[in-house]
Amino acid sequence: MGNKSIQEENLGVLVKRVDYNIKKLVEAADNYTKEMNENYTYFFCWYAESMYKMQFKLAVYRELREVINTGVFEEVVTYLTSKVEEFTDDLLSRSLRRNSTSEMMNLAHVAEAEVKQELRRVFCMFVKDLKIK
């Protein structure tokens, strides 16, 4: 029974961390949106890449939050582990450069790789923290 309560406690800590990350990303995105609406050209030159990365992270964290909402510890660990594997495979297997005629698509490709590197590190830490007994 103690193992179950430790799992629940570890899951509770993860919920707080994920909710905090979502909250911070939403706040930053709202600020960027305000900046974008006031002066799009300035925003595009200085913040577009950051906003793209932020939206990508936000989507992944929201997906994780949905899995956490099931409350099933094993499903959360399985999800996180599979995302780490997915990110790892993608980062190791895909081309570092995209050969699109759109420069923005090429930039987005690089930005996604950078975000996946960061999320991979964070999700590895989440798995490690969940498995602490």
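1. Helices (DSSP runs of H or I, at least four residues) and strands (runs of E, at least two) are numbered from the N terminus. In this structure, Asn 69 is found in the loop between H2 and helix H3, which covers 73-93. The model is a predicted one, in which local features need pLDDT of at least 70 and side-chain atom pairs count only at pLDDT 80 or more, while totals for chains, interfaces and linings use all residues. Residues are numbered from 1 along each chain as its sequence is written, and side-chain values use heavy atoms, with hydrogens and water left out.

2. The chain contains 4 helices and 0 strands, so that, under the definition above, its elements read α-α-α-α from the N terminus on. The C-alpha trace spans about 60 × 35 × 20 Å along its principal axes. Of the 133 residues in the chain, 34% are buried (under 20% relative accessible area; exposed means over 50% and partly exposed in between, with a 1.4 Å probe and protein chains only).

3. Helix H2 (residues 40-68) deserves attention. Its 29 residues have end C-alpha atoms only 36 Å apart, short of the 42 Å that a straight helix would reach at 1.5 Å a residue (the expected span is 1.5 Å times one less than the number of residues). H2 has a kink of about 70 degrees centred on Tyr 47; the bend at a residue is the angle between axes fitted to the seven residues ending there and the seven starting there.

4. Buried residues of H2 include Phe 43, Ala 48, Met 51, Lys 53 and Lys 57. Thr 41 also lies in H2, but Thr 41 counts as exposed because its relative accessible area is 57%. Between Thr 41 and Ser 93 there are 52 residues in sequence and 35 Å in space, C-alpha to C-alpha.

5. Asn 69 and Val 15 stand 54 residues apart in sequence, and their C-alpha atoms are 8.7 Å apart in space.

6. The largest pocket has a volume of about 200 Å³. On a 1 Å grid over the protein atoms alone, a pocket is an open set of points where a 1.4 Å probe fits, with protein on both sides within 12 Å along at least five of seven lines, and lining residues have an atom within 4 Å of a point. Points are joined across faces, edges and corners, and the volume is the space filled by probe spheres set on them.

7. H2 gives the most to the lining of this pocket, with 7 residues, and both H2 and helix H4 (103-130) supply at least two. Among the lining residues are Tyr 47, Glu 49, Met 104 and Leu 107. The lining divides into 10 nonpolar, no polar and 1 charged (Ala, Val, Leu, Ile, Met, Phe, Trp, Tyr, Cys and Pro count as nonpolar, Asp, Glu, Lys and Arg as charged, and the others, Gly among them, as polar).
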